[in-house]
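Have the sequence and the structure open while you read.

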Amino acid sequence: MKPFARTTALSVAMLLALSACKAEQKPVDVSADKTEAGKAATDKTGIPGLPTEKEQVSYTIGMAMGKQLSEIKGEVNIDTVVKALRTQMAGEKVLVTDEQAQKIMQDFGQKMQAKQLAKMMEEGKTNLEKGEKFLAENAKKPGVVTTPSGLQYQVLTAGKGAKPSPTDGVKVNYKGTLLDGKEFDSSYKRGEPAVLPLNGVIPGWSEGLQLMQVGGKYKFWIPAKLAYGEQAPPMIGPNQLLEFEVELLDIVKPPAGK
């Protein structure tokens, strides 16, 4: 979840100042400007419509702030914010004191956090149901084994070496995907194997790797309770079932500090 605190007063001011300019001025079609001055401005900067450094900087700031504020675009009234912006910059009397403004933004931040939490809880419930349904069907497929913890695995290539212990480190190549096929991590794409301590990874990985022998390649289906659960990174999402293809290349000394 991205905290609302990242959206600053400057963000609001810059975005809405830009919106006000758009509302009051007609866009200038620089490409249609046949005057010498117009041609010179375009040729000098290479950015039609932004002939000066000041305009380019202002527009770039507006773009950045717009991306941040897009998350709450339905929660603000642009005209009202522009009104406050102009009043403040003109040094005129504002309608809200600093103390009131702080309280308003604190309350709003709490509201947005609660809204985001509710959304995450609903998403987590949906993901959990999808995962459970998938595992129930997957367990019936040939070659799929379900352990007492709920981890499912399939042997793609049997290994012939030793098995790692809970305190070992492992050198592996792997690819991780979600149920919809979206890949969220891959040592193959990074171009080098990963070295990880088995006592420092998610429970499903620790259990699964201890089933493998060096040289083996397995596929794992890890339920949410053995993965990240509700506290999953944004790229994964709450209560997601994770699918991994893992090659155990070697058993190594755990990385220092792990």
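In helix α7 (residues 203-211), the buried residues are Gly204, Trp205, Ser206, Gly208 and Leu209. Here "buried" is under 20% relative accessible area, "exposed" is over 50%, and "partly exposed" is in between (1.4 Å probe, protein chains only). Helices (H or I, at least four residues) and strands (E, at least two) are DSSP runs, numbered from the N terminus.

Before going on, a word on the source: this is a predicted model, where local features need pLDDT of at least 70 and side-chain atom pairs count only at pLDDT 80 or more, while totals for chains, interfaces and linings use all residues. Residues are numbered from 1 along each chain as its sequence is written, and side-chain values use heavy atoms, with hydrogens and water left out.

So what do the buried residues of α7 pack against? They sit against β3 (169-177), β5 (194-197), β6 (217-222) and β7 (242-252). Contact means heavy atoms within 4.5 Å. Take serine 206 in α7: it counts as buried because its relative accessibility is 14%. Leaving aside neighbours within four places in sequence, serine 206 is in contact with Leu198 and Val201.

## The core

A nonpolar core is a set of buried Ala, Val, Leu, Ile, Met, Phe, Trp, Tyr and Cys residues joined through side-chain atoms within 4.5 Å. The largest one has 24 residues, and Val172, Trp205, Leu209, Phe220, Ile222, Phe244 and Val246 have the most contacts inside it. β3, α7, β6 and β7 are the elements that give two or more residues to this core, and β7 supplies the largest share, 4 residues.

Not counting residues up to four places away in sequence, it touches Tyr174, Lys175, Gly176, Phe184, Trp205, Tyr218, Lys219, Phe220 and Ile222.

## Strand pairing

Two strands pair if DSSP finds at least two bridges between them.

| Pair | Direction | Bridges | Residues facing each other |
|---|---|---|---|
| β1 and β2 | antiparallel | 3 | Thr146 and Gln152 |
| β2 and β6 | antiparallel | 5 | Tyr153 and Phe220 |

β1 and β2 form a hairpin with 5 residues between them, and glycine 150 in the turn has a positive phi of about 110 degrees. Phe220, the bridge partner of tyrosine 153, is also on the list of core residues with the most contacts.

## Two loop residues

Is proline 238 buried or exposed? It lies in the loop between β6 and β7 and counts as buried because its relative accessibility is 7%. Proline 238 and glycine 124 are 114 residues apart in sequence, yet their C-alpha atoms are 4.7 Å apart in space. Beyond its neighbours within four places in sequence, proline 238 is in contact with Met120, Glu123, Gly124, Asn127, Gly229, Glu230 and Ala232.

Leucine 95, in the loop between α4 (78-89) and α5 (98-138), counts as exposed because its relative accessibility is 75%.

## The whole chain

The protein has 7 helices and 7 strands, in the order α-α-α-α-α-β-β-β-β-α-β-α-β-β along the sequence. Of its 258 residues, 29% count as buried. Among contacts between residues at least 6 apart in sequence, 69% join residues at least 24 apart.
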